[in-house]
Amino acid sequence: MGVLNVTPDSFSDGGRFDALPAALAQARRMVSEGADILDIGGESTRPGHAPVPAEQEQARILPAIRALAPAIGVPVSVDTWKAATAEAALRAGGRIVNDIWGLQRDPDIASVAAAHGAGVVAMHNRESADASLDILDEMKRFFERTLAIARRAGIPDGHVMLDPGIGFGKTPDQQLDALRRLPDLCALGFPVLVGASRKSVLGRLAPRETRPDERLIPSIAAHVIAAQLGAAAVRVHDVAAHREALRVVEAVRAGSVARP
């Protein structure tokens, strides 16, 4: 899943792709490099971000979705927790709703996804980190609520993917623990997406302070580990480098250098 932030203030690449020509060029570049899904977001969710009204969020993302969805050749996902934005994006050609609040923030978003037959990525999140929690138990309880909401709305289980939410509502140690215990999350029976790309927890492991765009190598390491532990998909900024790394994972699994 390639990340396309059409925002002026995203933590990693804010302002680089908020103009439509730049966004379209970046989308085409990521698909040419091997992205299977494009995830388009119009509201930064970095720590301390300013909330964006749904109308402004839609003004940012809809031109890109309308231009890309019919022609890009891969599904377009919309990164939003707002039902109104999800509705507009799905009408514009989006096929997946990527909700950082796991269908639990806006009570109407699950029914919007169900009405459109859309896929859903449900991410674990909390308002604030609590170091006393066993993060796996917390995620399981959270996803029990998410799945109950999805089923009541009529979203088939086969349309749901879970995301442990690296970088959201967890201490740095809990983020690493969530990644380490990924097989237990996969055991719930749903495909799991991991989005550790350029996250601050990776910067904490460096011998010096690093900018988000300096975290490619640790991002690849985290996502290779995720793939080895059962992740079905990874959400990344640097598609080509990740595709090369994950090709090695796939070859080792297959025990063959033959390309699929």
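Which strand does G41 lie in? I looked this up to get started, and G41 turned out to sit in strand β2, residues 38-41. Strands here are DSSP runs of E with at least two residues, helices are runs of H or I with at least four, and both are numbered from the N terminus.

**Entry 1: ground rules.** I am working with a predicted model, in which local features need pLDDT of at least 70 and side-chain atom pairs count only at pLDDT 80 or more, while totals for chains, interfaces and linings use all residues. Residues are numbered from 1 along each chain as its sequence is written, and side-chain values use heavy atoms, with hydrogens and water left out.

**Entry 2: more on G41.** I checked its burial: G41 has a relative accessible area of 1%, so it is buried. Buried means under 20% relative accessible area, exposed means over 50%, and partly exposed is in between (1.4 Å probe, protein chains only). Next I listed its contacts (heavy atoms within 4.5 Å). Leaving aside neighbours within four places in sequence, G41 touches L4, N5, V6, T7, I61 and D79.

**Entry 3: the whole chain.** I counted 10 helices and eight strands in the protein chain. Its radius of gyration is 17 Å, close to the 18 Å from the globule rule for 260 residues, so the chain is as compact as a globular protein of that length. That radius is taken over C-alpha atoms, and the rule is 2.2 Å times the number of residues to the power 0.38. The C-alpha atoms fill a box of roughly 40 × 40 × 40 Å along the principal axes. Buried residues make up 52% of the 260. Of the contacts with a separation of 6 or more, 66% join residues 24 or more positions apart.

**Entry 4: the cores.** I then asked which residues have the most contacts inside the largest nonpolar core. They are L4, I40, I61, L68, I155, L182 and V194, in a core of 67 residues. A nonpolar core is a set of buried Ala, Val, Leu, Ile, Met, Phe, Trp, Tyr and Cys residues joined through side-chain atoms within 4.5 Å. Helix α5 (residues 135-153) gives this core its largest share, seven residues. A second, separate core has seven residues, including I96, V121, M161 and L193. Back at V194, I noted its contacts beyond four places in sequence, among them P164, I166, H223 and R235.

**Entry 5: helix α3.** In α3 (residues 83-91), I found A83, T85, A86, A88, A89 and L90 buried. These buried residues pack against α2 (54-68), β3 (76-79), β4 and α4. After α3 comes G93, with a positive phi near 125°.

**Entry 6: loops.** L103 has a phi of about 70° and is found in the loop between β4 (96-99) and α4 (109-116). L103 counts as buried because its relative accessibility is 4%. R198 has a positive phi near 65° and lies in the loop between β7 (193-194) and α8 (200-204). With 8% relative accessibility, R198 also counts as buried. Lastly, I visited T210, in the loop between α8 and α9 (216-228). T210 is buried at 12%, and beyond four places in sequence it is in contact with G203 and R215.
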